[in-house]
Amino acid sequence: MADHRSLLVSLGCPPSISSSSTLDTDTKDSAAVPHPLFTMQGELKRQYCESFLALCSLQELQRQRKSRQLEGHNLEVALYQPLWTIEELVNSLFIVSQRHISKWVDKPEFIFSLIYKITRDYVDTMDELLQPLVDEAMLSGYSCREEWISAMVSSLSTYLAKEIFPLYVGQLDEDIASGIQSQARISWLRLIDLMIAFDKRVQSLIAQSGILLEVEDERNWSMDVQGAAVLFGAEEYKSPAIAGAFLDRLSSLIDRCRCIPRISLRSRFVRVAGAPVIQKFLDSVCLRCQEAEGLTASTDDAALIKVARSVNAARYLETVLQE
């Protein structure tokens, strides 16, 4: 584990965090500092992947050993452990974030905003980069997306329990002792509201995927189309960038079933996990065409191009899936 931590430091982990990150949490900041894992390459990337796989294998060996020791008990509960490699990433990142959140005892909304933004900004990196490694290590039942979110929430909960709650309890005790009602009770209620709101946002983050977020980004549909003609042939589609990106993500999702031993279960996984995502993409294509429908009657060039891009994306997706 010490070697793995040293390797993370050499990669530049954790990334720098600015307190200004709390200013806007409604949309992902395209200028946010990318996670070092996303930019690693060459020998360092090879070393990290090997270290990641080694830790996953060690964790699986420990799980199997514990399974033998607890045979006959409720193994599903007893055997679960957070993914060590994700925990290491979160622990170092949360230590850095404490430099900011320690200043916001009286402004807990900033604490929740910063932790949510960090969680959201890097969750797709965990999903895209680390999930294939987890699958390669044959660690069944682990989602890097869920592990990342869970570890961030757990770290925040621990911090609140140790640093924030005692202060608020102390303020309430002072109110009770003095018999004078101050802002302590109001602060408690406000903190509870913030926790509930944070929980709802995190739950929605778990339900999202990088695929669906890309579909909603208008920039991914902005590839130029020559005229409004629909082109045929897999190599000749003037499809927008979203089509290729979507297929890459879909392929990554389907690859996760490779560690499932039975063909029937792998087939079921593809149907259950892949079909809703494909349907979401097709629904987005249909919606874009409907949005332009009212404008096409007046031969608006922008509307025609929007429809052409959408149809080309759907045709390209259909061709690749058939192949």
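Helices, as named in these legends, are DSSP runs of H or I that hold at least four residues, numbered from the N terminus. The structure shown is a predicted model.

**Figure 1. Helix α11 and the setting of Phe269.** Phe269 lies in helix α11, which spans residues 263-296.

**Figure 2. The protein as a whole.** The protein contains twelve helices and zero strands. Its pattern along the sequence accordingly reads α-α-α-α-α-α-α-α-α-α-α-α. Of the 323 residues in the protein, 38% are buried. When contacts between residues at least 6 apart in sequence are considered, 73% of them join residues at least 24 apart.

**Figure 3. The largest nonpolar core.** This core comprises 52 residues, and Tyr48, Ile86, Leu89, Leu130 and Trp148 have the most contacts inside it. Two or more core residues come from each of α1 (2-11), α3 (42-69), α5 (84-101), α6 (108-136), α7 (144-178) and α8 (184-207). Helix α6 supplies the largest share, namely twelve residues. In soluble globular proteins, nonpolar side chains tend to be buried together.

**Figure 4. The packing of α5 against α6.** The axes of α5 and α6 come within 12 Å and cross at roughly 155°. An angle over 145 degrees counts as roughly antiparallel. Helices α5 and α6 are therefore roughly antiparallel to each other. The crossing in which α5 passes α6 is right-handed. On the α5 side, the contact is made by Ile86, Leu89, Leu93, Phe94, Ser97, His100 and Ile101. On the α6 side, Ile111, Leu114, Ile115, Ile118, Tyr122, Met126 and Leu130 take part. How many residues of this contact are nonpolar, polar and charged? Twelve are nonpolar, two are polar and none is charged.

Notes:
Residues numbered from 1 in each chain as written. Predicted model: local features only at pLDDT ≥ 70, side-chain atom pairs only at ≥ 80, totals over all residues. Heavy atoms only, no water. Core = buried A, V, L, I, M, F, W, Y, C linked by side-chain atoms within 4.5 Å. Buried < 20%, exposed > 50% of the residue type's maximum accessible area, 1.4 Å probe, protein only. Axes fitted to C-alpha atoms, helices over the stretch in contact; angles between N-to-C directions. Parallel < 35°, antiparallel > 145°, perpendicular 65-115°, else oblique. Left-handed = near helix turned anticlockwise from the far one by under 90°. Contact = heavy atoms within 4.5 Å. Nonpolar A, V, L, I, M, F, W, Y, C, P; charged D, E, K, R; others polar.
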